[in-house]
Amino acid sequence: KKSWTGEFEPTGHGIGRSRGGLTTKIHHAVDGKGGPLAIVVTGGQRNDGAMLSQVLAEIRVPRLGAGRTRTRPDMVIADRAYTSGVIRTELRRRGIKAVIPQKRDEIAARKRRGRKGGRPPALDAQTYKLRNVAERSFALVKQWRALATRYDKLAITYRAAVVLSACLTW
């Protein structure tokens, strides 16, 4: 069994047809070794950041010995889609370290405000390099033809295929 390091890389990738056709987004969390922890399937128009709390709520990691199931990662390593103040506040409230770079427009807005803009959020660049684990896990999911072509018409059927691919990954 893989052990959970407490790191969490949320990602939302659209898989499916585009140009007005069916689109689906898979939002998932992976551990530090690429093992899927939580999966949420939504329509392609959903914002990645809006789904973060739902993905965090889905995480359940049983302990090998006695004790409660872990539901909170030590840190969240995410891309710029998750940089909003609302998300940072939510993670801070839950006691989760955020390793998320800021968008250029947020940096410019903070600098425009001068001293009132506040300090920039800290970014651990070495830890942020670990985000490629989540991207590689999506590359693995996209190898499944049934998921990449998105022939399923029902979301529950599509999610079942995603969960099956996660089980095989583990």
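Guide: Helices (H or I, at least four residues) and strands (E, at least two) are DSSP runs, numbered from the N terminus. Keep in mind that this is a predicted model, where local features need pLDDT of at least 70 and side-chain atom pairs count only at pLDDT 80 or more, while totals for chains, interfaces and linings use all residues. Residue numbers start from 1 along each chain as its sequence is written, and side-chain values use heavy atoms, with hydrogens and water left out.

Visitor: Fine. Where does R104 lie, then?

Guide: R104 is in helix α3, which covers residues 104-112.

Visitor: Is R104 buried or exposed?

Guide: Exposed, because its relative accessible area is 73%. The cut-offs are under 20% for buried and over 50% for exposed, with partly exposed in between (1.4 Å probe, protein chains only). R104 and R80 are 24 residues apart along the chain, and 9.4 Å separates their C-alpha atoms.

Visitor: And L37, which strand is that in?

Guide: L37 belongs to β3. L37 counts as buried because its relative accessibility is 16%.

Visitor: Zooming out, how many helices and strands does the protein chain have?

Guide: Seven helices and five strands. Going from the N terminus, the order of elements is β-β-β-α-β-α-β-α-α-α-α-α.

Visitor: What share of the residues count as buried?

Guide: 38% of the 170 residues in the protein chain. As for contacts (heavy atoms within 4.5 Å), take those with a separation of 6 or more: 51% of them in the protein chain come from residues 24 or more positions apart.

Visitor: Let's talk about α2. Which residues are buried there?

Guide: I87, R88 and L91 are the buried ones in α2. Down the axis of α2, its buried residues fall within an arc of 100° (taken from the directions from the helix axis to the C-beta atoms), so they line one face of the helix.

Visitor: Why would they line up like that?

Guide: An α-helix has 3.6 residues a turn, so residues three or four places apart point the same way.

Visitor: What do the buried residues of α2 pack against?

Guide: They pack against α1 (52-58), β4 (75-77) and β5. Turned away from that buried side of α2 is a face with the exposed residues V86, R92 and R93.

Visitor: What follows α2?

Guide: G95, and its phi is positive, near 75°.

Visitor: OK, new topic. How many residues are in the largest nonpolar core?

Guide: It has 17 residues, and those with the most contacts inside it are A29, L52, L56, I59, Y82 and L91. A nonpolar core here is a set of buried Ala, Val, Leu, Ile, Met, Phe, Trp, Tyr and Cys residues joined through side-chain atoms within 4.5 Å. At least two residues of this core come from each of β3 (36-43), α1 and α2.

Visitor: What lies apart from it?

Guide: Another core, of eight residues, lies apart from the largest one, and F138, V141, Y158 and V162 are among its members.
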